[in-house]
Amino acid sequence: MEKASPSCAFWATLGLVFVLVGSLVCEAEGRAFFVFGDSLVDNGNNDYLLTTARADNYPYGIDYPTRRPTGRFSNGFNIPDLISQAMGSPSTLPYLSPQLNGENLLVGANFASAGIGILNDTGIQFLNIIRISQQLQYFQQYQRRVSALIGEEETTRLVNEALVLITLGGNDFVNNYYLVPVSARSRQFSLPDYVIYLISEYRKILARIYELGARRVLVTGTGPLGCVPAELAMRGRNGECAVELQRAAALFNPQLVQLINELNSEIGSNVFIAANTQMMHMDFVSNPQAYGFVTSKIACCGQGPFNGIGLCTPASNLCPNRNLYAFWDPFHPSERANRLIVNQILTGTTQYMHPMNLSTILAMDSRT
């Protein structure tokens, strides 16, 4: 695989430049990047599916270089794009994209699909989405396709040396347990028992990713679920974060870190890296002005209280300056908020990244 040409433009745009770390990142060897998960990391797979969970209309993509919707649930770049930029690589293409062939396959692939969760019954209202089990089947199919190009041995090396990002869990609460007042899962489980069940199912997913060859896996926790504009509008009181969803995140995220520690201990290596995305979000949710935002309560694009009702559509209210809003739509951070999150993924202390941040990983792996 040809070494990707390093690009440090990402660091110049952050306004939080860590020159030493930036140089390490920019010198890191080009490597494949694989993405699994939900709408926070979907690069457009759902555009190829008959589903209501889509971001294929204006004003999605209004700040993307093409100024057009790309299937990303963002005004511009999302978290995987910004990680790719930090590694000096082009963005991974959606697995369902017809352009994902030939040399493009060697960059990696994005298997994520908006609406999915850890559980197969999460997001059923969206109909045709790529469940995590199907994403992993596509990952196997991907490896067969790459083997036909470069051979099995090189494919194994490419996958072993790749970076993997997985983002799951939020929809299992928002679009399952708390979807309706008395959901099937809430009748079946108390919240603490539901979290235990989710973690046990997530264990199987992460173990399978390891079986399929992944050796560096960033695992994000959920954000502050009760603080997104949609939940402020539907469940919050007087603009305060919705208590039950905050409780769900507070139960889930520490148990996810515990799971990651257990898996790494069993493997005998730091394969899985925990990203504390709840804390990353809460920094600017609790004090938006400190990060240059005018608000973390009102979405840039939406309607109703806090612009939190429904989806972002051409008929929605639209803020003129997306950089001033922490949330782009009722559920998803703005591109600028995504940059703050990725900055912590790259350079954050062990409070944010456990047991190490991404720049440390890139520096270590470039020496081995």
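I begin with a pair of strands: strand E5, residues 272-275, and E8 pair in the antiparallel sense over two bridges. As for the terms, two strands pair if DSSP finds at least two bridges between them. Helices (H or I, at least four residues) and strands (E, at least two) are DSSP runs, numbered from the N terminus. One of the residues in this pairing is Ala275, whose bridge partner in E8 is Met353.

Before I continue, a word on the source: this is a predicted model, in which local features need pLDDT of at least 70, side-chain atom pairs count only at pLDDT 80 or more, and totals for chains, interfaces and linings use all residues. Residues are numbered from 1 along each chain as its sequence is written, and side-chain values use heavy atoms, with hydrogens and water left out.

What order do the six strands of the open sheet take? The order is E2-E1-E3-E4-E5-E8, and the pairing is mixed. At the edges are strand E2 (108-110) and strand E8 (353-354), each of which pairs on one side only. Helix H11, residues 243-267, packs on this sheet and touches strand E4 (217-220), E5 and E8; contact here means heavy atoms within 4.5 Å. The direction of H11 makes about 165° with that of E5. For such angles, axes are lines fitted to C-alpha atoms, for helices over the stretch in contact, and angles run from 0 to 180 degrees between N-to-C directions.

In general, strands of a sheet pair through backbone hydrogen bonds, either parallel or antiparallel. E4 and E5 pair in the parallel sense over four bridges. Within that pairing, Leu218 has Ile273 of E5 as its bridge partner, and Val219 stands opposite Ala274 in E5. Strand E3 (residues 163-167) also pairs with E4 in the parallel sense over four bridges, and there Leu165 has Leu218 of E4 as its bridge partner.

Are the residues on the two faces of E4 buried or exposed? Val217 and Val219 on one side, and Leu218 and Thr220 on the other, are all buried. Buried means under 20% relative accessible area, exposed over 50%, and partly exposed in between, with a 1.4 Å probe and protein chains only. In E5, Phe272 and Ala274 point one way, Ile273 and Ala275 point the other way, and all are buried.

Helix H3, residues 79-86, is mostly covered, with eight of its eight residues buried. Among them are Ile79, Asp81 and Gln85. Just after H3, Gly88 takes a positive phi of about 75°.

I turn now to some details of the backbone. A cis peptide bond, with omega about 5°, joins Tyr58 and Pro59, and Pro59 lies in the loop between strand E1 (33-37) and H3. The bond from His354 to Pro355 is also cis, with omega near 5°; Pro355 is found in the loop between E8 and helix H14 (358-367).

Which residues other than glycine have a positive phi? One of them is Leu127, with phi near 65°, in the loop between E2 and helix H5 (132-150). Leu127 is exposed, with a relative accessible area of 59%. Another is Asn307, with a phi of about 50°, in the loop between strand E6 (301-302) and strand E7 (317-318). Asn307 is buried, with a relative accessible area of 10%.Finally, the largest pocket has a volume of about 780 Å³. On a 1 Å grid over the protein atoms alone, a cavity is a set of points where a 1.4 Å probe fits but cannot get out, and a pocket is an open set with protein on both sides within 12 Å along at least five of seven lines; lining residues have an atom within 4 Å of a point. Grid points are joined across faces, edges and corners, and a volume is the space filled by probe spheres set on the points. The lining of the largest pocket has 44 residues, of which Asn171, Val174, Asn175, Phe331 and His332 lie nearest its centre. H7 gives the most to this lining, with four residues.
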